[in-house]
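Subject: Structure handover

Hello,

Here is the structure I promised to pass on. Please open it and keep it beside this email as you read.

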Amino acid sequence: MAAVTLVDLTQVRSSQYGICVKKRIGEFCALTGNGSQEPVFFIADPESSVGTGRFPRSSNQEMFIGFSNSPQVLCKSSLSAALYSFKKAIDKKDISNVKIVTSSRGRGLFQVYQELLFTSAYNFEYSIMFDNLSCECCPPGQRTDSSAQAADAKRELGTFLQHLPALKGDIAILRSSLISDCFGHGFSTRTGGISYIRTLSSLNLFCNPRRKDSRAVVAENLRRLGLQAGFHPQQLNLIKCNHASDVWVMGKPAPDSYDGMVTNQVGVVIAAPGADCMPLLFTDPVAKVIGVAHAGWKGTLMGIAMATVNAMVSEFGSRPADIVCVIGPSVGPCCFTLEQDSAREFHAIHPDCVRHIDSSRPCVDIRLATRILLARGGIKPEHIEDIRIPHQSESTLCTSCHPELFFSHVRDGLNFGTQIGFVWIK
């Protein structure tokens, strides 16, 4: 499996390109060079001469004879900028195994950035080589409080990410005219964020440890969405999906996982993710109650939509006839198929929910099934809406069919991004 090595020279702050730097590089080359095909990066402090054009070219090139690949030097305005550049470089080559050569002090700092900027989809190995190297130009570093170090790194990285340009255009939010003005709401699309990995670009709003979009990047995407939509990211509560039918009533102890959430608290933003699965928004303008649900095909069959409605009714006194439900972007029957046994369960809800029922993998309409189940549960048909793109007459909005607008598991595979539906009581 491909690997990359990153050598930390950020502690070198000499005004001279002295023996300490050569000693560090020379020892590293002796141990890990030997014709290695693995890419090597050196990360240097911009205030040191390591970052000048003299490094590692010209007369110092002989120090890198052991490498088949010419090392790259990262000398950016901050450690955040350098590591972000490093991550982009290895993601472009789809490299997940990272070896970091540093000092004991440097390891602590790099582990902070590892937590912020990477996920468990990457494997990190640390090699401590520089603790015993000293010279007049490199005095031993002062001990730094780990919590203060982490806070400084988080602040620096957040500031850096805030200044990155948006990708794929501006943030676009889909809204429904059915929802009363006493609520804030919307469905995100994929434009206007900073996620750069192709299937996650650009406004990915969920950090999955198995994927390569980090917590810090997703947090910045969410901050930008909040600015556009009118809420603060710290107000947002995202469903913890399990593709089932559990509903959390906010204010009560939260279950470990749940696909529905209801509240009557003003100013609290609740949200459901979706990438083929449906994010559902529920509002009751009479009782001033809201709910959200994440409904995939399994959750649909298990009744998550009506479970959310029932929680609004039993906990806050809502009447089904007053509740409005808006169905967010999801995969359509044009692109979604299931095995025969599962498809027949949808056919039992209504024959129109399944196309080509006799084929080995019939096409299934999870949105239609949701509308039918909600209507049977007492929601007025005119209070149920499939979200649409403004000024377009297209009757279906399939996430798989619109790569320019939406993320899709069906289309993009396991490394897919996520959009959300969100709502709050003003």
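This is a predicted model: local features need pLDDT of at least 70, side-chain atom pairs count only at pLDDT 80 or more; totals for chains, interfaces and linings use all residues.

Residues are numbered from 1 along each chain as its sequence is written, and side-chain values use heavy atoms, with hydrogens and water left out.

**The whole chain**

The chain has 10 helices and 18 strands. Both are DSSP runs, numbered from the N terminus: helices are H or I with at least four residues, strands are E with at least two. Of the 426 residues, 54% are buried. Buried means under 20% relative accessible area, exposed means over 50%, and partly exposed lies in between (1.4 Å probe, protein chains only). Now take the contacts in the chain with a separation of 6 or more: residues 24 or more positions apart account for 71% of them. Contact means heavy atoms within 4.5 Å.

**Helix α2**

Helix α2 covers residues 79-92. Its 14 residues reach 20 Å from first C-alpha to last, close to the 20 Å expected at 1.5 Å a residue. (The expected span is 1.5 Å times one less than the number of residues.) α2 is mostly covered, with 10 of its 14 residues buried. Among them are Leu79, Leu83, Phe86 and Ile90. Just after α2, Asp94 takes a positive phi of about 55°.

Helix α3 spans residues 104-117. Which residues of α3 are buried? They are Gly106, Leu109, Phe110, Val112, Tyr113, Leu116 and Leu117. They sit on the same side of α3, because they cover an arc of only 145° around the axis. The arc is that of the directions from the helix axis to the C-beta atoms. An α-helix has 3.6 residues a turn, so residues three or four places apart point the same way.

α3 packs with helix α4 (residues 146-162) at an angle of about 45°, with the axes 10 Å apart. Axes are lines fitted to C-alpha atoms, for helices over the stretch in contact, and angles run from 0 to 180 degrees between N-to-C directions. That makes α3 oblique to α4. (Under 35 degrees counts as roughly parallel, over 145 as roughly antiparallel, 65 to 115 as roughly perpendicular, and the rest as oblique.) The crossing is right-handed. From α3, the contact includes Arg105, Gly108 and Leu109; from α4, it includes Gln149, Ala150 and Ala153.

Look at Gly108 in α3. At 25% relative accessibility, Gly108 counts as partly exposed. Gly108 and Gln149 are 41 residues apart in sequence and 8.7 Å apart in space, C-alpha to C-alpha.

**α4 and α5**

The axes of α4 and helix α5 (residues 215-229) come within 10 Å and cross at roughly 55°. α4 and α5 are therefore oblique to each other. Their crossing is right-handed. The contact is made by Leu157, Leu161 and Gln162 of α4 and Ala216, Val217, Glu220, Arg223 and Arg224 of α5.

**Helix α8**

In helix α8 (residues 340-349), the buried residues are Gln340, Ser342, Ala343, Phe346 and Ile349. Their arc is only 165° around the axis, which puts them on the same side of α8. On the other side, Asp341 and Ala348 are exposed. The buried residues of α8 pack against α6, β15, β16 and α9.

Best wishes

Terms used. A crossing is left-handed if the near helix is turned anticlockwise from the far one by less than a right angle, and right-handed if clockwise.
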